[in-house]
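Me: I have a model open and would like to go through how its labels were reached. Could you take my questions one at a time?

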Amino acid sequence: MFSLKRKTMGEAIFDIANNLVMLCICFITLYPIWYVLINAFNDGNDAMMGGIYWWPRMFSLENFEAVFASSGIMTAMGVTVAKTVIGVVLHVFFTAMVAYALSRKGLIGGKFYILLGTITLFFNGGLIPTFLLNRDLHLLDNFLVYIIPVLFSFFDLIIFMTFFREIPEGLEEAAWIDGANDWSILLRVVLPVSMPVIATIALFHGVYQWNDYFAGIIYINNPDLQPIQTYLFRVVAQSSSNQMMVALQGSSVTKTVTSQSIKLATMVVTTLPIVFVYPFLQRYFVKGMMIGSIKG
């Protein structure tokens, strides 16, 4: 026999209030994104009149035509995709390699290396010393400035190291018996069973690489090497009037776009790719965030 527990009036009211609060939080979180989206798909001059809250009043694709009419944004998008893909692959591999070494109990000086790395979580050299270091390494106006300075992260190393220590030692011992060396164990045993933590770190660093605009402002003067977020930053910074300020040589785009509509369309273009990637990594991301939370 099954018994159904009937909720009291107070419990029912609490559940209703809790659901309403959650709906309000969701609305407050999602509505700004929806507002940007509908205004990006609206006629620019019409959007300046205001009053667009739920749906585009005059649907138009000319804002996006204006965005893609500029060759600069396509070049910037290519730089962003390249630095995100290359940066994520190298960052994950290099960090995992160091984390695997530090996770071994027999590493000489392992505790000392971990102590040095922990200090870097609280102190850093600052902007000016970092700039001078990158200049001396000839990384100014160099694509590698997006890759080398962030090739390693001790915070990500801690996550990797925690996961590696939970891998059964029997797997590595079996590989040793079969004649595998450290590289073979890392590449053929450890990394294949570490997909949750790899996906987590890849998502962390991928979002960072995609959203980073500061490196393009500080270290890059060549417009062909600036990422899409730096391009967006300059569009927003330079849009001081209500007229379109993006050069559209040879474009058939009419004057129904404004600087504000260009900014909104550019935000949509730069945000959607990373939003589409996230659902595919979400299940790994959730598993990775739980690493080390439960022992036993």
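**Cores, helices and a loop residue**

Reply: Gladly! In the largest nonpolar core, which has 25 residues, V92, F160, F164, I185, V190 and V197 touch the most other members. Helix 4 (71–103), helix 7 (154–165), helix 9 (182–190) and helix 10 each supply at least two residues of this core. Helix 7 gives the most, with seven residues. Keep in mind that this is a predicted model.

Me: What makes a set of residues a nonpolar core?

Reply: Two conditions: the residues are buried ones of nonpolar kinds such as Val, Ile and Phe, and they are joined through side-chain atoms within 4.5 Å. In general, nonpolar side chains in soluble globular proteins tend to be buried together.

Me: Which residues is F164 in contact with, leaving aside its neighbours within four places in sequence?

Reply: With that exclusion, F164 is in contact with A96, A99, Y100, S103, R104, V190, L191 and S194. There is also a second, separate core of 16 residues, and A66, I262, A265 and V268 are among them.

Me: Why is helix 10 called largely enclosed by the rest of the structure?

Reply: Because 12 of its 17 residues are buried. The buried residues of helix 10 include P196, V197, I198, H205, G206 and W210.

Me: Why does Q226 count as buried?

Reply: Buried means under 20% relative accessible area. Q226 has 7% relative accessibility, so Q226 counts as buried.

Me: Where does Q226 lie, and which residues is Q226 in contact with beyond its neighbours within four places in sequence?

Reply: Q226 lies in the loop between helix 11 (214–219) and helix 12 (228–238). Beyond those neighbours, Q226 is in contact with A76, V79, Y146, I220, Y231 and R234.

Me: How many helices and strands does the protein have, and what percentage of its residues count as buried?

Reply: The protein has 13 helices and zero strands. Of its 296 residues, 35% count as buried. Among contacts between residues at least 6 apart in sequence, 72% join residues at least 24 apart. The accessible surface of the protein comes to about 18,500 Å², and 69% of that belongs to carbon and sulfur atoms.

Note on methods:
Residues numbered from 1 in each chain as written. Predicted model: local features only at pLDDT ≥ 70, side-chain atom pairs only at ≥ 80, totals over all residues. Heavy atoms only, no water. Helix = DSSP H or I, 4+ residues; strand = E, 2+ residues; numbered from the N terminus. Buried < 20%, exposed > 50% of the residue type's maximum accessible area, 1.4 Å probe, protein only. Contact = heavy atoms within 4.5 Å. Areas by Shrake-Rupley, 256 points an atom, 1.4 Å probe, with all protein chains shown as cover.
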